Amino acid sequence: MRIGVLISISLVYLSALSVAYAGGKVIDNRHIDLPSLASSTPYSLYLPEGYCDSGLSYPVLYLLHGYGGTHRDWLKAGQVGQTLDRLISAGRISPIIVIMPSASKSWYVNSSKYGKYETALLHELPKYLEAELYSLKTREGRAVAGLSMGGYGALRFAFRSPESFVSVAALSPAIFPNVVSKDEFKPVQIKLFAGAFDDPFSTTKYNEKNVFTLVQTASNPKATNLPATYLTVGDDDWFGLYDGTFAFYQQLKSQKIAAELRITDGNHDWKLWSKEIEPALIFLDSQLSAAAAKIPSLKGITTRREQSSFCSPG
C-alpha cells in the first residue's frame with residue numbers, strides 16, 4: 001500500500017491511496033477538478049496488470065454507483081477489483097481500465113440542486129482522464145455501466161451520447177416509464193429523486209430526462225450504432241424495478257436495438273450486484289472486442305508515449 005500525489009496541468013488529485021491487488025492496480029481515492037462542478041470530484045480507478053509497461057492502449061469502462069453511494073462502493077462492497085483480476089487472468093475478458101466516479105445523489109443529470117453532473121461526468125471526465133490514460137479514446141473502446149441510480153445514469157449517458165459508447169450494462173436500474181402524475185410513484189421514490197428533477201418534483205422535468213424518452217426520440221431508432229444494452233434485475237427487488245427494466249427491454253426490442261435481459265434470483269443489494277457484475281463485464285467485453293475487431297487500427301494498438309502519471313513512482 002502506498003500514498004502518492006499526482007499533480008498535472010489538467011488534473012488535481014488529493015489523498016491518493018493505491019492498493020495493489022494480485023493482478024490489477026486499484027487507485028481508490030483521487031480527486032479531479034471538472035469545470036462544471038463547484039468542488040473536486042472523487043473517483044477510483046482500476047488499471048489492469050501490465051498497464052504501465054505493456055505499451056498497449058486499453059478500452060475503458062465507466063462504472064457508476066447507486067443512490068447515496070460513492071466512488072468506492074464497487075471496490076469495497078462489490079469487490080469488482082477481484083472480479084476483474086479473476087476474469088482477466090482466466091482470459092474471459094480482455095484487460096480493461098475501469099473508472100468509478102462519485103456523483104452524490106445527482107441521478108447523473110444536470111440540476112440546480114446538485115450541479116451539472118451529466119456535463120461533468122459524460123463529457124469532461126473522459127476528456128481529462130483519458131488524456132492521461134493509456135486508453136483507446138474511441139467509441140469502440142468505451143463502455144458504461146452502473147447499478148440502481150447508476151443504472152439509470154449509465155443508460156442515460158449511453159443513449160444521450162451514443163457516439164461515445166459502444167455498449168452499456170444496467171444492474172437493477174432505477175428506471176420507470178414516463179408518467180402523467182407524480183402519484184404514479186410511491187412517496188419513497190419521490191423522496192429518493194431528492195430534487196434532481198426539480199423541487200418540488202416535476203413530472204415534466206422527469207419525462208424530459210427519462211431514458212425511455214431518449215430511446216423514443218433517437219434520431220434513427222433502428223440504427224445499428226446505438227449502444228448494445230445489457231439489463232439485469234433481481235426477481236425480488238424490493239423497489240419492484242423489474243417492471244421498469246422489463247418495459248425498457250421491450251421498448252429496445254421493439255426498436256430493433258440490440259439488448260439482453262436477465263432476471264435473476266435476488267433483491268436490490270450487493271449480494272446480487274457483486275455476482276451479476278461478472279456476466280455484465282463479459283457482455284461488455286464481447287461488445288468492445290467485436291467493435292474493435294472491425295477497426296484494424298485498434299487491434300493490439302501500441303503507442304510511443306511518455307510515462308503515464310498514474311505510473312509515477314512514489
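In strand β6, I99 is the bridge partner of Y62; helices (H or I, at least four residues) and strands (E, at least two) are DSSP runs numbered from the N terminus. The model is predicted, with local features requiring pLDDT of at least 70 and side-chain atom pairs pLDDT 80 or more, while totals for chains, interfaces and linings use all residues. Residues are numbered from 1 along each chain as its sequence is written, and side-chain values use heavy atoms, with hydrogens and water left out.

Strand β5 (residues 60-64) and β6 run parallel and are joined by three bridges; strands are taken to pair if DSSP finds at least two bridges between them. Strand β4 (residues 41-47) pairs with β6 in the antiparallel sense, over four bridges, and L45 stands opposite I99 in β6.

Five of the five residues of β6 (residues 97-101) are buried, so this strand is largely enclosed by the rest of the structure. Buried denotes under 20% relative accessible area, exposed over 50% and partly exposed in between (1.4 Å probe, protein chains only). From β6, I97, I99 and P101 point one way, whereas V98 and M100 point the other way.

Helix α3 (residues 117-132) is likewise largely enclosed by the rest of the structure, because 12 of its 16 residues are buried. Among them are Y117, L121, L125 and Y128.
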